[in-house]
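This briefing covers one protein chain, shown below. The notes after it are grouped by topic and are meant to be read beside the coordinates.

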Amino acid sequence: MRGQEGAAAAANSIPFVGFGSEPLWSLKSARGWRSLVKLSRATLEARAHLKKWRPDVVFSTGGYGAAPVVFAARSLRIPYVVHEANSVPGRVNRMAAKGAYAFTSVFRTTERQVPGIKVTRTGQPIRVELRAAAAGLNPDPDTVLVLGGSQGSEFLNQNVPLAMAEWSGNPPQVVHATGRAHIDSVRSQLAALPNLDHYRAVPYLETEEIKDAYRTATVAVARSGGTLAELALFRLPSVLVPLPSSADQHQLRNAQEFASMSAATIIDQTRTSPRELREAIDAWISDPQRRKIAELALADWDIPDATERIIGIIEASVNSARI
């Protein structure tokens, strides 16, 4: 089993039981059949625990780790709510959609991906610390925030420093979260490039650091996964580089929704260059009116009470089961 759930639960004194599932590979391979056997075994284990605990409701955000619990809940007629954080639902959420009490989403285009399923757009729950920090925006017109996700992005780590080293005139400040495994290589690259005294590489941005970074940044360079909801919260336009290998190209679809409302520029990492990346960043920094349009669009897209909306749906599912 992978993930941070066990440690997070322990830190908050929440009972935790994990089940040994894994991604559902194609059944045309031996690996696929092994994953199916593991899923079946894990579902039986989850069913036994749910019969013992008898929860009022199951809430799932998808992923292969959720599959055993959701499938067990469905077999026991325990109501469950599915939440999809990407524009294109993952395989488990698609499989679980039929039979769910409710299917909630972050992106506007998700409902097109699950025909016949009622989708309620609730938005994405975001840490209360970030919500509070967004009330005090103080953007610097010369600051770029680079986010590669919790593990970092090899593409961004290699190419953003090259792009910024070629900046003409006064270069913007850069704050770049590289991922802990990549910080040494990025810092070595920065030391070998000219014109990067303004460039600060850090392994990871903790809560206080990311609050300050979001508040002061003018444009972000990022992948297009869960970070997008936070970019919307801080009204931050972006240069998005979707991960080409993301399942069902969901990162590209996420980015396209932001680009369609003039809040992001999409870069194809398989066909781009540091120069194109630099020009995309500069186009945002040098155009205040364009940034204002993005800010208004992101404010319209963001849903401040996402957590409360989802809690309301979960509570409704419990009440419906008691009728």
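Leu156 is found in helix α6. The model is a predicted one, and every value below is computed from it.

- Leu156 counts as buried because its relative accessibility is 1%, and the cut-off for buried is under 20%.
- Beyond its neighbours within four places in sequence, Leu156 is in contact with Val146, Leu147, Gly148, Pro161, His176, Val221, Ala222, Arg223 and Val241.
- One of these contacts, His176, lies 20 residues from Leu156 along the chain, with 9.2 Å between the two C-alpha atoms.

**Nonpolar cores**

- In soluble globular proteins, nonpolar side chains tend to be buried together.
- Here the largest nonpolar core has 61 residues.
- Within this core, the residues with the most contacts are Leu145, Leu205, Tyr214, Val239, Phe258 and Ile281.
- Helix α6 gives the most to this core, namely 6 residues.
- Another core lies apart from the largest one and has 23 residues, including Phe19, Ala66, Phe71 and Val92.
- Which residues does Phe258 touch, not counting those up to four places away in sequence? They are Phe107, Leu228, Ala232, Leu240, Ala263, Ala264, Leu298 and Trp301.

**Helix α7**

- Helix α7 spans residues 183-192, and Ile183, Val186 and Leu190 are buried in it.
- Seen down the axis of α7, the buried residues fall within an arc of 70 degrees, so they line one face of the helix.
- These buried residues pack against α6 (154-165) and β7 (199-202).
- The face of α7 turned away from the buried side carries Asp184, Ala191 and Ala192, which are exposed.

**Cavity**

- The structure holds 1 cavity of 30 Å³ or more.
- The volume of the largest cavity is about 40 Å³.
- Its lining is made up of Val106, Arg121, Gly123, Gln124, Ile126, Ala229, Trp301, Asp302 and Ile303.
- By class, the lining of the largest cavity divides into 5 nonpolar, 2 polar and 2 charged residues.
- Trp301 is one of the residues lining the largest cavity, and Trp301 is also touched by Phe258.

**Second largest pocket**

- The second largest pocket contains about 200 Å³ of space.
- Its lining has 14 residues, and those nearest the pocket centre are Pro139, Ala217, Arg235, Pro237 and Glu295.
- Helices α8 (207-216) and α12 (288-301) each supply at least two residues of this lining.
- The lining of the second largest pocket divides into 8 nonpolar, 1 polar and 5 charged residues.

**Residues with positive phi**

- Most residues other than glycine have a negative phi.
- Arg77 has a positive phi, near 60 degrees, and is not a glycine.
- Arg77 sits in the loop between α3 (67-75) and β2 (80-84).
- With a relative accessible area of 77%, Arg77 is exposed, since the cut-off for exposed is over 50%.
- Asn195 is not a glycine either, and its phi is positive at about 70 degrees.
- The loop between α7 and β7 holds Asn195.
- Is Asn195 buried or partly exposed? Asn195 is partly exposed, with a relative accessible area of 35%.

**Other loop residues**

- Ala181 is placed in the loop between β6 (173-177) and α7.
- Ala181 is exposed, at a relative accessible area of 72%.
- Ala181 and Gly152 are 29 residues apart in sequence, and their C-alpha atoms are 7.9 Å apart in space.
- Ile117 lies in the loop that runs between β3 (102-105) and β4 (119-121).
- The relative accessible area of Ile117 is 24%, so this residue counts as partly exposed.
- Leaving out residues up to four places away in sequence, Ile117 touches Ala97, Lys98 and Phe103.
- From Ile117 to Ala100 the C-alpha distance is 9.3 Å, and the two residues are 17 apart in sequence.

Conventions:
Residues numbered from 1 in each chain as written. Predicted model: local features only at pLDDT ≥ 70, side-chain atom pairs only at ≥ 80, totals over all residues. Heavy atoms only, no water. 1 Å grid on protein atoms, 1.4 Å probe; cavity = no way out; pocket = protein on both sides within 12 Å on 5 of 7 lines; lining within 4 Å. Points joined across faces, edges and corners; volume = space filled by probe spheres on them. Nonpolar A, V, L, I, M, F, W, Y, C, P; charged D, E, K, R; others polar. Buried < 20%, exposed > 50% of the residue type's maximum accessible area, 1.4 Å probe, protein only. Helix = DSSP H or I, 4+ residues; strand = E, 2+ residues; numbered from the N terminus. Arc of directions from axis to C-beta. Contact = heavy atoms within 4.5 Å. Core = buried A, V, L, I, M, F, W, Y, C linked by side-chain atoms within 4.5 Å.
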